[in-house]
Amino acid sequence: MFQPLTLMLGLRYAGARGQRSFASFVSGFSTMGILLGVAALIVVSSVMNGFEQQLKDRLLGVVPHAMVTEPEGRLAKPEQYQALFANQEGVLASAPFIRAEAMVQGPGHITGVELYGVDPSLEQDPILQALDKRTLGYFEDLPYGVLMGWQVARSLGVEPGDKVRVTVTEGSRFTPLGRVPSQRVFTLVGTFNTGTDVDRQLIMARLDDAARLLRYAPEQASGLRLWLADPFALNALPELPTPLKYETWQHTRGELFQAVAMEKRLMSFMLALIVLVAAFNILSAMVMVVTDKEAEIAMLKTLGLSRGRIMAVFMIQGGFSGVLGCILGFGLGVLLSLNLDAVLNALGINMYAAAGGSQLPVLLLPTQLVVVLLSTLLLCVLASLYPAWRASRVHPAEALRYE
């Protein structure tokens, strides 16, 4: 009894019973549409965020963030340029690095790979950090030892201790028999698993062994590899003297991240259409409610209720469905996201293969949640605006002519 008249009437229409059950049905149906749309948008967006973050952590932890090299692809005495980045904010470390395309041959199969020549004494490389001490010791001490992604080793049918032949065209030379590529027999000392496509593309050798295979001059490498605190902060790197240039992960893996970002935007857009359809459902349902309530609106106007207050009544009714659906959908979406694996297991759905053998990655971004909630609330308010304005324009004399 202490509620404002407009609030009382709006909530009464929204939760009408008995003879006014049509208004209640419309409000409940609209609320369910908003609820499901918001919940689906939050759950799918959080999973997409998780996969994107997992891809960044795994892939960008393996591939070079940036490399300083020359236009011909070789850099003499790369250690002399380490001073350029010694005090540079955002650059964690730097080291000489070799990168080349190669063919690796096992007992009955041959495949193309990317060869990395690294210094095993550097602890910044996450692949080397993940190795056990025994495997790392073999890699450091065994001449011409090689590490492979587990999928490369599986495709070749080799295990640690087996011999493989690595062939590169970059170090080829001309002989009386023609051009002969450089090749060397390596010993597989171990495998690694990053959970990305790198596992079927990458092999690693010691820096000196890779330099001899590619016939690099002494103290020469492909470039100086940089580890960055934020791989996306490439614009913060200092200018290089001529003719040095940067080669970054965006040149080799940029298209993959662009595809993931595009897929994420498209999925969010498609799910946002669910919320948009629910908002249009509020609009069309409210128009029908206003048409059904014209006589009551006319009587309220006759009793002295102004156009503004009539408009407020139906804004409250339409907004109630939207606000209730937003809040319930927001809570349901967050709850499902935090317990997604348990829910999928209860439904008998196995998603571990898609997640790389682990739990589904879920990342809830507070900013994204706030944007989803506020934009949905705004959309619901806007959907109620036209029916409420139409209700305020009802003429009592015309509405009550045949009553």
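Trainee: Which element supplies the largest share of the lining of the second largest pocket?
Mentor: This is a predicted model. Two elements, helix H2 (21–59) and E10, each supply at least two residues of that lining. The largest share, three residues, comes from H2.

Trainee: Which residues lie closest to the centre of the second largest pocket?
Mentor: The second largest pocket has a volume of about 190 Å³. Its lining is made up of 13 residues. Those closest to the centre are Leu-60, Gly-61, His-65, Leu-228 and Pro-231.

Trainee: How many charged residues are in the lining of the second largest pocket?
Mentor: Sorted by class, that lining has seven nonpolar and four polar residues. The charged residues number two.

Trainee: What is the volume of the largest cavity?
Mentor: Three cavities in the structure reach 30 Å³ or more. For the largest cavity, the space inside is about 50 Å³.

Trainee: Which element gives the most residues to the lining of the largest cavity?
Mentor: The lining includes Ala-95, Pro-96, Phe-97, Arg-225 and Trp-227. Two elements give two or more residues to it, strand E3 (91–105) and strand E10 (223–228). With three residues, the one that gives the most is E3.

Trainee: How many polar residues does the lining of the largest cavity have?
Mentor: Val-118, Asp-119, Leu-122 and Asp-125 are among the residues that line the largest cavity. By class, the lining has six nonpolar and three charged residues.

How values were computed
Residues numbered from 1 in each chain as written. Predicted model: local features only at pLDDT ≥ 70, side-chain atom pairs only at ≥ 80, totals over all residues. Heavy atoms only, no water. 1 Å grid on protein atoms, 1.4 Å probe; cavity = no way out; pocket = protein on both sides within 12 Å on 5 of 7 lines; lining within 4 Å. Points joined across faces, edges and corners; volume = space filled by probe spheres on them. Helix = DSSP H or I, 4+ residues; strand = E, 2+ residues; numbered from the N terminus. Nonpolar A, V, L, I, M, F, W, Y, C, P; charged D, E, K, R; others polar.
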